[in-house]
Amino acid sequence: MARTVAETIKEITRRHLEENGGLLFGQCIRAVGWVNNSVPDCKNIVEFPASDVGNMGIACGAAVAGVRPIIVIRFQDFMWLNSSALVNYAAKSKEIFGTTTPIFVRALAMANAGCTHSGVLHGVFMHMPGFRICSPMSPCEYEEIWDDFMSHDVPMFVSEHRGSFLHTEEYVNTCQPADVTLVGISAARFNLAEAVEILAEEGITCNVAHCYWLKPFKTDHVLKALANTRMGLVVDAGFEICGAAQSLAYNLMWQTGKPVKALGLEDRSSGVSPASRNSTPSAERIAETVRQAFLEKAENQDCVGISDARMSGAGT
Amino acid sequence: MCLIRHFELHAAQAYEQKLTPGTVYLAVGQEASSATVSMLTPGYAVFTQHRGHSALLAHGGDPAALRDELLGLESGCCGGRGGSACAQDIAIPMYAHHGQLGESIAIATGYALASKKPTLAYFGDAAAEEDYALSSFGFAATHKLPVLYVCEDNNLSILTPIEDRRNWNVYEVADSMGLATANIDDDPVLIHDTVTRLLKSLPAFINIRTCRHLWHTGVGRDGPPEWDRLDEYRSKVPDAEAIENRVKESVEALWQEQLQRQ
Ligand SMILES: Cc1ncc(C[n+]2csc(CCOP(=O)(O)OP(=O)(O)O)c2C)c(N)n1
Ligand SMILES: [Mg+2]
């Protein structure tokens with residue numbers, strides 16, 4: 001059977017703890033399913049008390065000592081408390097002190113889990129210097145980012161999503177002549193294929209570019225896809241304003257001169273009741289954003305070349 | 001205690017029937033602490049954490065608004081947006097918890113400082129480990145604030161017992177900071193006498209050892225509970241059966257009233 005993302009993380013962790021002398025820190029690690037079955041039952045696991053502010057400092061200290069610790073933050077929202085030592089010490093140590101603090105931060109996200117358990121915060125950390133930031137959603141992506149961590153000496157913020165943990169598949173980027181390039185980040189990537197289908201039925205064709213390297217933002221495949229389309233849309237599972245999607249969209253727009261829109265969560269807190277949720281953009285919301293972008297473009301400029309059948313429909 | 005128990009058993013049922021859009025944090029088994037403390041603290045402002053239905057009900061909060069919150073309805077105490085972890089009733093006043101473990105301890109402390117009103121902060125044995133919880137105890141001692149900190153100590157952080165997390169006692173730390181402290185079982189009579197004493201010398205910290213019967217979240221059980229204080233008092237209190245039946249019926253009616261509308 002193919003390996004899931006959770007099994008991949010577990011295996012990487014086992015090797016690190018058993019063979020590299022690595023340490024893993026976290027709260028309630030051994031309880032309730034070992035963090036969605038992503039942590040092995042092996043040596044070198046240190047149970048943290050619920051002291052979220054101090055805990056990160058302790059883990060960073062272990063990184064200074066060279067054991068390349070993994071710290072598990074069960075919900076990304078707890079990063080608000082766990083940030084200071086990471087942002088102000090670990091991420092600055094190389095540039096300012098000439099020392100290294102390589103720590104691997106597993107920050108888990110989850111959809112629709114209420115006002116303080118639904119956060120996707122990679123955008124916040126992208127704002128700060130000194131990290132590598134990624135959001136792997138497949139087994140091979142996870143292996144790649146782990147190898148990257150082991151070959152660099154800076155902290156890595158890994159924006160995981162529980163929605164990916166049982167996935168086994170790898171994601172395929174497309175690069176055909178098409179109307180729009182859809183660029184996906186984190187759990188938003190799960191909705192791209194359906195959005196492509198919805199839009200195809202309406203005569204709008206899409207390329208898909210999956211992004212899991214947020215900092216440095218690895219753009220080669222995105223730029224190739226975008227070169228074959230008129231416009232792009234970056235979709236993220238985090239907040240839209242000042243978030244990863246806006247930041248990457250700006251970057252892509254500047255590099256290509258093509259219009260690239262951003263789509264993420266609305267600017268409001270996410271509640272529990274279905275009506276008050278503020279969720280990862282659905283396939284329908286992605287499709288609607290693309291439709292709107294097309295309409296705007298149709299009004300504002302010459303759209304020859306964008307599938308004609310659809311453009312005539314868009315005008316009605 | 002009966003009100004909390006039977007309200008929560010209905011909440012558990014609603015959860016099992018998938019009528020709650022979010023999860024539930026139930027205090028079944030832990031009723032004695034808030035039920036007893038509330039008898040001695042009318043008019044206190046109340047802050048709790050995720051397992052807060054019990055405090056809301058004990059302090060006279062509106063059970064219908066709590067029920068509706070669990071059901072995700074606009075008539076809920078947070079408009080259905082907060083869910084189980086965010087029990088509140090401003091009439092008490094009791095303010096909602098937001099999800100960051102233990103932060104309501106600091107918020108309760110600041111409220112007591114500025115309002116000068118007697119204030120209660122309920123929290124668990126894990127929340128008490130949070131850095132800002134410890135600094136709040138110290139702040140309250142320094143400023144002689146009218147706060148009673150109530151640690152509902154079920155010896156669990158999710159499923160991790162204290163011995164796997166630390167080798168020190170929170171009440172001893174609070175004591176060393178100058179708070180009046182106690183560490184007791186959840187026997188209602190004992191709680192009553194201890195809290196009566198502590199309220200005379202706020203700020204104070206009481207650690208009440210409780211027994212959570214159900215899982216951290218949801219309604220699962222890992223076997224029979226170590227003890228059941230409510231059950232114990234069924235045979236100690238005259239008329240216990242009649243009292244419990246009355247409460248049970250009214251809680252049943254409360255839930256039915258809403259569920260029949262759905
Ligand atoms: C800042 C922060 N860290 C971790 C958590 C995850 N978490 C939620 S409840 C909980 C355990 C709480 O235990 P305790 O305070 O003893 O209360 P109990 O659940 O036992 O009533 C943990 C670790 C959280 N919500 N917030
Ligand atoms: Mg506890």
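1. Gln49(B) has a side-chain N or O atom 3.0 Å from an oxygen atom of ligand 1, in a model that is predicted. This is a polar contact, that is, a pair of N or O atoms within 3.5 Å; within protein, one must be able to donate a hydrogen and the other to accept it, and residues adjacent in sequence count only if both atoms are side-chain atoms. An N or O atom in the side chain of Asn154(B) is 2.8 Å from an oxygen atom of ligand 1. At Ala127(B) a backbone N or O atom takes part, 2.9 Å from an oxygen atom of the ligand. Ligand 1 taken alone exposes 580 Å², and the protein buries 96% of that (accessible areas by the Shrake-Rupley method with a 1.4 Å probe; for residues, only the protein chains shown count as cover).

2. Which residues come nearest to ligand 1? They are His50(B), Arg51(B), Ala126(B), Ala127(B) and Asn154(B), out of 23 residues around the ligand (a residue is near a molecule or strand if one of its heavy atoms lies within 4 Å of it). The site is shared between chains, because residues from chains A and B surround ligand 1.

3. Conventions: the model is predicted, local features need pLDDT of at least 70, side-chain atom pairs count only at pLDDT 80 or more, and totals for chains, interfaces and linings use all residues. Residues are numbered from 1 along each chain as its sequence is written, chains are lettered from A and ligands numbered from 1 in the order in which they are written, and side-chain values use heavy atoms, with hydrogens and water left out.

4. Chain A has an open sheet of 7 strands in the order E2-E1-E3-E4-E6-E5-E9, with mixed pairing. Helices (H or I, at least four residues) and strands (E, at least two) are DSSP runs, numbered from the N terminus, and two strands pair if DSSP finds at least two bridges between them. E2 and E9 (213–215) of chain A stand at the edges with a single partner strand each, so one side of each has no neighbour in the sheet. From one strand to the next, the twist averages 20 degrees.

5. E1 (residues 24–27) and E2 (residues 45–48) of chain A run parallel, joined by 4 bridges. Gly26(A) is opposite Glu47(A) in E2(A). With helix H2 (residues 32–37), these strands of chain A make a right-handed β-α-β unit: with the strands pointing away from the viewer, the path from the first strand over the helix to the second runs clockwise.

6. E5 (residues 132–134) of chain A and E9(A) run antiparallel, with 2 bridges. Ile133(A) stands opposite Lys215(A) in E9(A). The peptide bond from Lys215(A) to Pro216(A) is cis, with omega near 0 degrees. Pro216(A) lies in the loop between E9 and helix H9 (220–227) of chain A.

7. In chain B, 6 strands form an open sheet in the order E2-E1-E3-E4-E6-E5, and the pairing is parallel. Its edge strands, E2 (94–95) and E5 (180–185), each pair on one side only. E5(B) pairs with E6 (residues 204–209) of chain B over 6 bridges, and Ala182(B) has Ile206(B) as its bridge partner.

8. Most residues other than glycine have a negative phi, and most peptide bonds are trans. Lys144(B), not a glycine, has a positive phi of about 50 degrees; this residue lies in the loop between helix H6 (131–143) and E4 of chain B. A cis peptide bond joins Ile92(B) and Pro93(B).

Conventions: Axes fitted to C-alpha atoms, helices over the stretch in contact; angles between N-to-C directions.
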